[in-house]
Amino acid sequence: MASYVSTLSMSTALRSNLIKAQAGLSDAHKEMVTGRHADIGLSLGTRTGQTVNLRNQYDKIDSIITTNGIVAGRMDVTQKSLDGMLETAQEFLGALIGVRDGANGAEVLASQAQNNLQSLIGALNASMGGQFIFAGIDSQNRPVTDFFAPGAANKQAIDDAFADFVVAGGYGDVGEIPPADMTAFLEGAFAAEFGPASAGPPPVAGWDNWSTASDQNVSARISTTEIAQVGTNANKQHFRELAMGYTMIFNLAPDGLNSTTYRAVIDEAIDKVSAAITGLVNDKAQLGTTEERIKSSTDRLSIQRDVMGKQIDNYEGVDEYEASARVTQLQTQVDTALALTARLQQLSILNWIR
Amino acid sequence: MSLSSALNVAQSSLSALSTHSQILSRNVAGANDPNYHRKNVLQSTNFDGSIRVNGIGRAVDAVLFSGKLGATSTTATQQAIVDALEQLEATVNDPELDQSLGAKLGALTNALQEFGVTPDDPILAQTVLTKATELARSLNEASQVVSDVRKGAHSDMSDGVSEVNKLLAQFEQVNTAIVKGTVSGADITDQLDKRDQILSQLSQQMGISVQGRANNDMVIYTDSGVTLFETVPRAVTMGPASAAPLDRAVYVDGVPVTGAGAIMPLKSGLVRGAAIVRDEITVTYQRQLDELARGLVEVFAETDQTGGGLPATAGLFVDGAGSVPPPVPPPALPAGPVPGLAARINVNPNADPARGGDLSKLRDGGLAGAAYHYNAENAAAFSGRIQQLLTELGQERAFDPSAEADSTTSLAGFASSSVGWLEGKRQLAADALGFETARLERTTDALSNATGVNVDDEMTLLMELERSYSASSMILTTIDRMINSLLSAVE
């Protein structure tokens, strides 16, 4: 017997071919539709770990890009607020210089100072999205005490300090205060009301009466490795100087002071407001630098993210046209296998035995 | 007289042809049975011309048969490994679905990043807690899957052992019958078929090699050389009794054949595949899960902020249920690999409002006690601790090298490396299974062609038998007529 073929082996071969072709067809169809391997783990093996890692990093970078957008929005609001304060301060400085040289318009100056102080306090108390943006990391508490509220501690402390000064100097009338003494007061006890708290004697609450903000600024992670300070706080020196300048013009009213003393007050105010303007500009510049850093970090991360997206596709993707060609070929194969199975089973000698 | 001898010959022809028909019908009946070997009649001619049936012959091919036994065993090994790896892969799944532990760790990291930008938002804090809880739960569930796979492999091993014992008992019966039949000259072809069937089933469980002896007796050895059957079956057990059930090895005839202490380890078979799954694959994967859990506990650990010298201790992730308030003194951090940590890891209840904790501790620290409070000013937008955690998450750390994943990498890198290890093993096992299955198919095919039945062939033979039978019957009737006419001539 040359070579023998058993009936069982013939039918088994036909059946197993059919099953294999059908399994291959379903996989090829899935690849054609999704554009990725049907079973990533089987196709990639150990390199699946690398694609998981890439996806991880992709999501991480995406998340940082999103949070950078939030942070940039907040910084924008802060900058606009600082712009407003700066403009107001510069106008006030111009008015101060005008009054010193011309010695009229004092009443208008006082009311301008009052308005400016109100708007300064309002701006420093601004909130965005539930956070007080000038409160530092103590963002859930309104930072600055309203000077104009009845019984405000900051106003009370300044009024007391002035009253003490008048009593200590023994002046019969406010108009008797000489300019040198006034300057000394303004640079001494008055300035102390805007400075750090001290135990005394006598105990002075100082800037604590004005602001509960934290000295620590809010910081955020702007890239995978950088953390930056993304805000400012109401305790900064330039805000104190602005408050000082406005308060001394508005609260130590011109009525009653003699003209030279009044001029001394104006000079002090000009000093303070100029220093505050310089400070504000510096603060804005620092924040602007951070905004630049955020922007460049976002740009860099966007490019990285896109590159990673392509790499992930490289690992996991299949050529859809190739998969579609495979589907067609396997369909033909299944068709042929089915036809053969049917035809070969009909070939039997039993059909011809009577 | 030659007429009577002609009668004799014709009659012997008829009986031989009936035996042929019987064998033919047995062949046709066994055409679809993969264990059936084609039979034929061995006949010879006597000196007086009559036909004698000497016995029933059986188509054999010893080489192909032992090849088929080997292929069955190796296929069973790989199948066991592939099936277990498929189950383990459920803990990872398609990377796009983000179900792997690495992806869940990434989700926690991103939630922390968002929280770090707006630390005063309690919704973001809740998101961090939720992601952390998901991660801990995924680790617990993955551990459960590994434990289930391990138990499944163990029960496969013990089932395999009982199956082997049962088959060896059956083998003893059939073998004895064959030896007796060979000695007495009976037709033992059906028993031979049955014995080969038992051998096929046995090779599924363990790799075997067989040797024939006098009188068709057979001896079975494992493929590593330990005696399974020699006149009587040898004991196949799981032991020793002193070991924990999941650590027991398979003993054949007192010799351990699986596990690290095996002197003559099995090379193939379901039992070997299950032993690899139970003793190597699941153990290594569990180590990876436990190292991941340990890394988590360490990354989120809190240090004493008061300078009081208290040890660093577990923060957001704790071993076990944890307690509110935190225990004093605080428990020490794990120093090295901790077996079973992945099954026990949990989120510290001091962070969970539903269990008596406080969400703000996620931002402020203090999960391990008041001395571990980081937010000195108690400010709402304090992000120092969060940024510290994010930095720590990105740092490289050392992992146990016996976990077979990247041993110096970040926590996320280790999780990805673990995925790569599992999928790599799966790809290798699937390729090996494909190869072994193809080999088994080819061998089975060849064996079937050598020893199987072709129904068309048998039917053709039947037609010839039919004709010979009619011819012999006709000879009988003719001789009968001839004798009748002779006898009637005498009257």
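Student: Which element gives the largest share of the lining of the largest pocket?

Tutor: In this predicted model, the largest share comes from α3(A), which supplies seven residues of that lining.

Student: How much space lies in this largest pocket, and which residues are closest to its centre?

Tutor: The space comes to about 600 Å³, and among the 29 lining residues the closest to the centre are Gln57(A), Lys60(A), Thr224(A), Thr109(B) and Gly394(B). Two or more lining residues come from each of α3 and α8 (259-316) of chain A, and likewise from α3 (101-117), α9 (384-394) and α10 (411-451) of chain B.

Student: What makes a residue of this lining count as nonpolar, polar or charged, and how many are there of each?

Tutor: The class follows from the residue type, and Lys, for example, counts as charged whereas Gly counts as polar; sorted in this way, the lining has nine nonpolar, 16 polar and four charged residues.

Student: Why is the contact between Lys20(A) and Glu441(B) called a salt bridge?

Tutor: The name requires a side-chain nitrogen of Lys or Arg within 4 Å of a carboxyl oxygen of Asp or Glu. The closest N and O atoms of Lys20(A) and Glu441(B) are 3.2 Å apart, which is within 4 Å, and therefore the pair qualifies. Between chain A and chain B the count is four salt bridges.

Student: Which elements of chain A touch chain B with at least two residues each?

Tutor: They are α1 (7-34), α2 (40-44), α3 (48-102) and β3 (219-221), and α3(A) gives the largest share of that side, 15 residues. The residues on this side of chain A divide into 19 nonpolar, 23 polar and eleven charged.

Student: How do you know how much area is buried between chain A and chain B?

Tutor: The value is the accessible area that the two chains lose on being put together, summed over both, and here it is about 4300 Å², with carbon and sulfur atoms giving 51% of it. Of the area that chain A buries against chain B, Tyr4(A), Leu8(A) and Arg221(A) supply 16%, more than any other three residues.

Note on methods
Residues numbered from 1 in each chain as written. Chains lettered and ligands numbered in written order. Predicted model: local features only at pLDDT ≥ 70, side-chain atom pairs only at ≥ 80, totals over all residues. Heavy atoms only, no water. Buried area = accessible area lost by both parts, 1.4 Å probe. Helix = DSSP H or I, 4+ residues; strand = E, 2+ residues; numbered from the N terminus. 1 Å grid on protein atoms, 1.4 Å probe; cavity = no way out; pocket = protein on both sides within 12 Å on 5 of 7 lines; lining within 4 Å. Points joined across faces, edges and corners; volume = space filled by probe spheres on them.
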